[in-house]
Amino acid sequence: MDEPYAIESNDLTRRFGTLTAVDHVTLRIPHAQIYGFLGPNGSGKSTTIRMLCGLLAPSEGNATVLGLQVPKQAEILRSKIGYMTQKFSLYDDLTVRENLEFIGEVYSLPRHRRHQRVGELLERYDLGDQTDQYAGTMSGGQRQRLALAAATLHEPELLFLDEPTSAVDPQSRRDFWESLFALCDAGTTILVSTHYMDEAERCHSLAILDRGALVAEGPPRKLKSEISETVLEIEAEQLRAARTALDRIDAVESVAQLGPRLHALIEADLEHPEQTVRAVLDEQGIEARVEKVEAGLEDVFVSVTRRRETSPARP
Amino acid sequence: MISISRGTAIARKELRQLLRDRLTFGMIIGIPLLQMTLFGYAINTDVRHLRAAVADQAGTQRSRMLVADAEASQVIDVVDHVDTAQQLRARLRDGSIHVGVLIPRDFERRIQDGSRVAAQLLVDGSDPLILQSALGLRALPVAGRERRNRRFGGMQTFEVRAYYNPERRSEVQIIPGLIGVILTMTMVLFTAVAIVRERERGNLELLITTPVRTIELMTGKIVPYIGIGLIQVTLVLLVGSILFRVPIRGELSDIYLAALAFIMASLSFGLLISTFARSQFQAAQMTLFFFLPSILLSGFMFPYDGMPRPAQWIAEVLPLTHFVRMIRGIILRGASIGEVGAEAIPLAIFFAATLALALTRFRKRLD
Ligand SMILES: Nc1ncnc2c1ncn2[C@@H]1O[C@H](COP(=O)(O)OP(=O)(O)O)[C@@H](O)[C@H]1O
Ligand SMILES: [Mg+2]
């Protein structure tokens, strides 16, 4: 670990025809951290990860992963990284053990070490009962644990996980994150992509991607405290009417529904935002509780992706 | 209620998708065109320009005229002159000629006599179409014999001796080539599909992230199929010799050597297809496009000699052409691999070229 960052990229860009899937992304990802890519579908998470793994050539810009240039030095890099693809990519028609043994052979683990690792991982990821089951017949959670076992079999320094929990129930997701923290404690750097806020919240640091561009970056706490708007929480019987009323206020930049409540982002330079909003709602005869709250990650997300939409600087 | 408009909606959607799927559309147009031109070219039961060698032991003016007349009929092309019947038979066996013209020393006397045939045609009978054309030469008129012919009840000029398949059973001719046809279909398809399937199912994205090298991936993919191919060869040989009583005149080891060369060429072509095909279905379509000309132009169905030049050029590129020549030589004519081994050279070139192309086209990348 001579290089200061596990991953460094400068203006990393990838175009598919006229579509810019990844747009000048500059990253500095430190070692032994869980680093998140947060973004909706199509925001370029997978494409960025593929470029960092050396599977796609950048159209522009460059990246250094574990001190190696990609894609030029990708072959040397391969034994040092693990990659869990978004779509399950082990063999449906092989059993759990056969899959793991195969991956071990492909990474040239010596026979004895291979058996030992496979045994360890079967136990660690609670696959002992599925050892001889075909991967294709397993549940989403089981497959995901198998995929993680396969990606970590050769003990990579750096792990890429592309939306690892998308087909998994909440309990399995929690367990999965426990496994990630364990790996991270052991020194593994983890880059994980997600579109779940609660998962992003768990990362040490994260990058928010929007239509290929990196729109915000930093630890979740810092992102939340540095939000450029005031966040108001509105609870009302008539949420729909309240929403319509809020949308008419100029200073309200956006309104989003979070369960039974609304979150409104208000321009920071508006004085007394609570009173202003309350007055408007009263005027419409809407009974509501309005309260200034700390920004959540969801608010940050809305804030940064909105800003980009309205900014005229986009080429 | 059955709704016509719903049905029409489905039909319109289907047609729209069909027109957008270029390969399928290509097949709809291409297969009839390909079949028609290939069949049109290749089906020619009246085979001409059979390669022939002459052993003219009489060496008279009349014998030379007879050979010239035979050639003028366009049934045979004389490619060589030898001295003995033995040499003719050797050239038949190694496949370099299909017809041997043997004019005996007492040719002139036989002409005068008129009750005996004047000369012999030694014909490779393993292909019934060739034999049939050669039979057309039997009554070729020879100077000074016409009158007597009538008197002696129409004695033929040539006696035709069919070698290798005297009973003229078609299965005898078909089965050795069938080994190649079966291998073409299965070997090309298996390898093409084997890689495309991994791409389709997403396995490849994982695999190319590992330290596996392209060459390891490719050889790992084809080696199991070599074994499968050899099992298929064994199966056809067993069924052919037990059920259809096809005589196996050559050495088994030679048959397997020839099959091995052919299997390798087919497998590497399958790999090449896999670098183009985006889905297993596409791989199957491309295989079919290769299979059709192979089966029609290789000499398996119609004799090579009867095909026009352009068809022969295509045939020379196809591995099946060379395999059919080798395998018929070994199984039906008892040729050794040494005698027909020259046909393995184009196979080796085909193998090396397609493999090199497949390797350069296959990158451990997604783009
Ligand atoms: N191979 C490809 N060819 C064309 N477009 C692609 C390809 N891969 C991704 N894209 C496009 O690039 C954009 C980003 O995709 P992706 O990186 O998969 O996003 P995410 O993983 O965040 O959902 C999408 O609009 C997608 O359609
Ligand atoms: Mg993705």
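Select strand 1 (residues 50–56) and strand 2 (76–82) of chain B: they pair in the parallel sense over 6 bridges, where pairing requires at least two DSSP bridges between two strands. Strands (E, at least two residues) and helices (H or I, at least four) are DSSP runs numbered from the N terminus. This is a predicted model, in which local features need pLDDT of at least 70 and side-chain atom pairs count only at pLDDT 80 or more, while totals for chains, interfaces and linings use all residues. Residues are numbered from 1 along each chain as its sequence is written, chains are lettered from A and ligands numbered from 1 in the order in which they are written, and side-chain values use heavy atoms, with hydrogens and water left out.

Within this pair, pick Ala55(B), which stands opposite Val82(B) of strand 2.

Next, select helix 3 (residues 61–72) of chain B, which packs on the sheet and touches strand 1, strand 2, strand 3 (99–103) and strand 5 of chain B; contact means heavy atoms within 4.5 Å. The direction of helix 3 makes about 145 degrees with that of strand 2 of chain B, using axes fitted to C-alpha atoms, for helices over the stretch in contact, and N-to-C angles from 0 to 180 degrees.

Now display the whole sheet of chain B: 5 strands, in the order 2-1-3-4-5, form an open sheet with mixed pairing. Strand 2 and strand 5 (158–163) are its edge strands, each pairing on one side only.

Finally, move to the magnesium ion (ligand 2), which Ser46(A) (OG) and Gln86(A) (OE1) coordinate at 2.0 to 2.2 Å. Donors are N, O and S atoms within 2.8 Å of the metal (3.2 Å for Na, K and Ca); water is not among the atoms, so sites may look incomplete. Ser46(A) lies in helix 1 (residues 45–53) of chain A, and Gln86(A), 40 residues apart, in the loop between strand 6 (81–84) and helix 3 (96–106) of chain A.
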